[in-house]
Structure formats: C-alpha cells, structure tokens
Amino acid sequence: MRWLIRTIHRKGKTQLSYEDDVHYGDTLTIGRGTDQAIFVSDVRAALQHARITLDGGGRYRIESLIVAGVRVNGGIVQTAALSPGDVVEIGTTRLEMIAPPQDFEGGVEISQADRADSGDVRAKLRATSLSETWLARRAPSWIGIGVVLLFALLLPLMGHFAPAVDGFLRATPLPSRSSWQAGPLAGAHRFFGHNCTSCHTVEFRWVRDDACLTCHALTPAHADPAKFNLPELGEARCAHCHRDHNGAKALVRNDQALCSGCHQDLPERTAGASTLEDAADFGRSHPQFSVTLPAWDEQGQYTPRRVSLNEQPLDERSGLKFPHDTHLDPAGIEAPDGTRVLQCASCHAPEPGGAKMLPVDFETMCQDCHRLTFDITEPERQVPHAKIQEILYMLDEFYARRALDGEIRDPTAPDSVRTRRRPGQPVTREIRQEALTWARDKARRVGESLFTGQACSVCHVVSPGREVDQPWMVAPVRVAGVWFTKARFDHRSHTTMACGDCHEAARSHESRNVLIPDIANCRQCHGGEKGGTGLLGSSCTECHGYHESAHLLQRDL
C-alpha cells in the first residue's frame with residue numbers, strides 16, 4: 001500500500017509550500033517516536049499515539065493507542081471512521097484526510113493547527129510595526145548578506161585557491177572548503193571523484209538510476225519482479241539504499257533495517273500470502289534454521305529438500321555407514337601401525353579460503369586403516385576404491401596370471417594350477433583352460449568377499465547387481481556439501497571454537513544423524529544487531545546476502 005504524506009509549511013501570512021513523502025504499508029502510525037510514519041514533535045503526543053488504516057472505498061479508520069483518545073472533528077474518540085475532509089488534531093499538529101491521489105491508496109495533509117486566542121483577546125493585541133522601534137531594515141539586511149558571503153563563499157573560496165589558507169581554516173571552527181563538499185566518496189567511486197557529472201547529470205536533482213546503470217548495467221537485478229512483486233523493491237531508487245558521500249564503506253548498507261523492514265510482520269503485510277516466517281532480529285525474532293538435504297525423485301532427478309531442524313526424526317540418507325563416536329573414541333582405535341587417536345581435523349580439512357570443508361577423501365584419510373587388500377600372499381596389493389569395473393578386471397587379471405604361472409598355494413585349485421612350472425615351459429590348451437576357469441571362479445569369490453564382507457560393506461550399502469558384467473552395486477554417496485544454501489557460514493571465522501562446541505559428533509553412532517547446530521547453539525555467542533551482554537552484534541547481512549536474480553540484470557527491469 002502507498003500513502004501520500006503531504007506536509008504544508010507556512011511562509012509568512014499567505015505563502016505556503018508543500019513537501020511530499022511516500023509511506024509503504026497498510027498502517028499509518030502517528031506519534032512522538034522516531035519510528036512512527038508521521039512524527040509529532042509536540043510533547044503532549046505519546047510515543048505511539050494513534051494509527052490510521054485503510055477501510056476501503058477511499059475511507060479510513062483511526063484508532064487511539066492511548067486511554068485519553070484522539071480529537072477527530074473537534075470531538076474525543078477512541079476509534080472512528082474517517083472520510084476525505086475529516087480532521088484529526090494531536091497537540092498542535094493538524095491532519096486532514098484527503099482522497100487518495102492517482103497511484104496511491106491513501107493520503108493525508110499535515111499542517112500546524114491554528115491555536116490563536118478568541119476574537120476578544122486577539123482584538124486587544126496590536127502588532128508593533130518596525131517604524132515604532134529603533135531598528136531599521138536596510139542596515140541589518142546588508143550586514144546579513146555580508147556575513148553570509150564571507151563565511152559561505154569568500155572563506156571557502158580562498159581555501160580552494162590557497163591550500164595554506166585551507167589548512168588554517170580546517171584547524172579552526174571557521175568554514176573551509178570542506179563545507180562545500182557533501183562528504184568523502186565510497187572507495188569504489190574515488191577514481192572519478194573530480195568528475196561530479198558522472199553521477200550528477202542534472203543540476204539540483206537527485207542522482208538518477210540511469211547514471212548508476214551506465215557503469216552497473218551488468219549488475220544482477222536485486223529482486224526478480226515476478227518473484228518479489230513488492231512496491232518497496234520495484235519502485236525503489238538506487239539511492240534509497242546506496243548513499244554515497246558517507247565514507248569508504250558506507251555505499252553498501254549493512255544495517256538490520258535493510259532486511260527487517262520487509263521481513264517482519266509478514267502475515268499481516270502480505271495478507272497471509274507469504275510462506276516465510278518473520279525475521280526481524282537474530283537474537284529475538286528469527287526462525288529455526290533449515291538445512292538442505294540431498295534427495296532424488298522416482299525418476300532419478302535431483303530434488304533437494306529443505307527441512308527445519310525442529311522436525312524429527314531428521315535423517316541424512318547419505319548411503320554411508322559411519323559411526324562418528326567409534327572413530328572419536330578418546331582411547332583411540334586399532335590401526336595397522338598401532339593405536340591411533342583421531343580428531344575431527346583428521347578427516348575434515350577446510351578449503352583454502354576457510355569458508356567450507358573439503359570433501360572427505362578415501363585415499364588420503366581412510367585407506368591407512370581401511371586397506372583394500374584381497375590376497376594374503378601379497379599383503380601390499382590393493383584394489384582401487386570406488387571403481388567396480390576396474391576391481392573386477394584387476395582380480396581377473398591377477399588370478400589369471402597366477403594360475404598360468406603355476407604353484408598356487410590354494411587347496412581348492414586343481415593339480416595343474418598348483419604344480420610348479422619351469423620358466424619357458426609350454427602350457428597345453430587343456431591346462432590353460434583349466435587354469436583360467438579356476439582363476440575366474442577365484443576372482444568372483446574374492447570379489448564377493450570384498451564387496452559383502454571385509455571391505456566395501458563396512459562403510460557402504462552393497463546389493464547384488466542387475467547385469468552380468470556388474471555383479472555388485474554400491475549405493476552412491478550423497479553427502480550434503482552445503483547445508484545452508486540460503487545463508488553463509490565461514491569456518492575460518494570460528495577457529496577459536498572447538499569442533500565439539502557446535503557438532504555433537506562424539507555422541508553420534510550413525511551416519512544418518514544430522515550434526516548441524518541449531519539456532520540456540522549460535523545464540524550462545526551471537527545476539528541481534530546490537531548484540532547484548534557478552535554477545536556479538538550480528539545483523540542480517542552477517543549471514544545473508546540480498547536476493548539477487550539468477551537470470552535478470554538491472555537493465556532488464
């Protein structure tokens with residue numbers, strides 16, 4: 001909803017000037033508080049004095065928020081229906097409801113109420129003319145003009161052309177050249193800082209969006225109009241959020257109001273259309289975290305699902321069988337080289353930037369303990385990891401060579417395979433066929449032992465294959481690489497914390513446990529924007545970015 005708030009300023013007895021402002025929302029709040037849509041400076045007004053809502057058909061409804069009520073058309077009421085022309089008085093402030101102008105749903109004119117005394121008292125008062133005093137008009141006027149020229153023009157002008165004079169003026173309370181300047185530019189705009197017309201294309205006018213898009217044409221659209229059909233976004237100028245001349249880092253807003261202005265009171269503001277929960281302050285008004293879990297539909301398409309950490313049971317179907325508590329036993333685990341005590345960092349290493357964690361790699365993190373050996377006669381020989389076809393080919397080749405060489409120490413092997421042969425001794429066709437048949441059977445038995453017994457099934461879900469050339473199927477590993485797809489988290493910024501402070505891995509005995517901390521865990525250190533006693537100040541932009549479009553540019557809007 002768009003409200004037109006028109007303030008009427010009186011200049012002298014007859015001249016009037018108008019100042020228009022636009023307010024977005026269903027409710028027009030009135031009071032002495034700085035967060036009110038209409039600010040009333042009179043001390044007789046409460047911080048939250050009254051509120052006006054739209055009543056349909058160009059009509060309004062006012063509701064008093066204090067026991068004393070509010071004056072409407074000369075009478076005191078608690079609530080009343082208003083029409084265009086009705087007058088509300090709060091202290092010396094006069095509010096007259098007007099018919100909604102074009103492109104607006106509501107409108108109000110604000111002026112100062114006429115509190116002159118009665119006619120009898122006013123008749124007793126007589127204005128004193130300037131001629132009846134010792135004051136004159138001409139001399140004070142010329143003195144005022146001279147003072148303005150000296151302090152607003154001549155001194156800054158001298159400082160502009162004489163750096164020494166400017167340095168002196170800056171060291172005194174006198175105005176210097178800096179009084180002409182709006183303030184320091186943002187760091188990204190300093191390279192054209194002397195060319196003011198790069199942004200200010202029209203004199204005495206606000207910077208227009210076209211001037212910004214001259215350089216920022218390829219900037220992603222800040223809000224897809226089809227997804228975010230909101231006046232606050234669609235009709236907002238660039239300068240509503242990006243205010244230059246406020247220092248090196250002030251061009252990009254990081255205050256909490258940037259987000260909470262839209263993300264609080266969502267059910268009321270969207271008439272129940274929004275499915276999002278209110279989020280106004282991380283410390284006191286923020287929904288529980290939601291994680292993205294990998295999932296696939298019946299057609300095999302990747303369809304991840306977002307689940308709140310409040311939902312139970314919360315399982316990650318990763319395809320792995322991994323007990324964290326066993327590997328993090330303080331007494332250590334039995335490894336080929338003796339007892340080894342593992343820490344979280346033994347398997348989980350951060351990326352070079354520190355934001356995310358590198359994927360767990362079997363060859364560098366697991367294979368020292370989980371060796372993929374398959375024959376006791378060659379304990380250093382191992383099959384490759386995660387390559388079923390290569391494993392089967394390797395086993396066939398290994399046992400075929402051994403069978404053809406002879407001297408196999410296996411009581412199940414035929415005599416021709418167990419017999420030692422002299423180097424270069426020819427092998428008959430029958431012996432060769434018998435050796436290869438035994439080798440193929442041996443490879444299949446060893447493969448079955450690897451997949452279903454001593455190796456693969458220890459960590460993976462293994463099932464019989466559906467094809468002759470692939471007798472075994474290993475369930476794919478589907479571990480969530482990024483849990484919070486709608487937020488940012490940097491492990492590097494939390495190096496002062498121990499892993500166990502956030503992740504309860506030491507008590508997890510199944511890999512399906514989701515070990516992501518909930519919001520209560522984070523609130524032990526992080527408060528809202530202003531923090532709190534012993535808490536860090538954390539605004540929305542600490543974890544969230546603006547909802548930029550993935551396919552639209554600013555020029556497309």
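## Briefing on a predicted model

In strand β2, Asp-20 is the bridge partner of Arg-6, where strands are DSSP E runs of at least two residues and helices are H or I runs of at least four, both numbered from the N terminus. This is a predicted model, in which local features need pLDDT of at least 70 and side-chain atom pairs count only at pLDDT 80 or more, while totals for chains, interfaces and linings use all residues. Residues are numbered from 1 along each chain as its sequence is written, and side-chain values use heavy atoms, with hydrogens and water left out.

**The open sheet**

- Strand β1 (residues 2–11) pairs with β2 in the antiparallel sense over ten bridges, pairing being assigned if DSSP finds at least two bridges between two strands.
- Seven strands form an open sheet with mixed pairing, in the order β2-β1-β12-β11-β10-β7-β8.
- At the edges of this sheet stand β2 (15–24) and β8 (75–77), each of which pairs on one side only.

**The nonpolar cores**

- The largest nonpolar core has 26 residues, and the members that touch the most others are Phe-374, Val-383, Leu-395, Tyr-399, Trp-438 and Leu-450; such a core is a set of buried Ala, Val, Leu, Ile, Met, Phe, Trp, Tyr and Cys residues joined through side-chain atoms within 4.5 Å.
- Helices α11 (388–405) and α13 (429–454) each supply at least two residues of this core, and the largest share, nine residues, comes from α11.
- Apart from neighbours within four places in sequence, Val-383 is in contact (heavy atoms within 4.5 Å) with Leu-372, Phe-374, Ile-391, Met-394, Leu-395 and Leu-450.
- A second, separate core of 21 residues has Ile-5, Leu-28, Ala-50 and Ile-52 among its members.

**Helix α13**

- With 26 residues, α13 reaches 35 Å from its first C-alpha to its last, close to the 38 Å expected at 1.5 Å a residue, the expected span being 1.5 Å times one less than the number of residues.
- The buried residues of α13 include Trp-438, Lys-442 and Leu-450, buried meaning under 20% relative accessible area, exposed over 50% and partly exposed in between, with a 1.4 Å probe and protein chains only.
- Among the elements that cover the buried residues of α13 are α11, α12 (415–418), α14 (456–459), β17 and β18.

**The hairpin of β17 and β18**

- Strand β17 (residues 462–467) lies largely in the open, because the number buried among its six residues is zero.
- A hairpin joins β17 to β18 through two residues, and β17 pairs with β18 (residues 470–474) in the antiparallel sense over four bridges.
- Within this pairing, Met-473 in β18 is the bridge partner of Ser-463.
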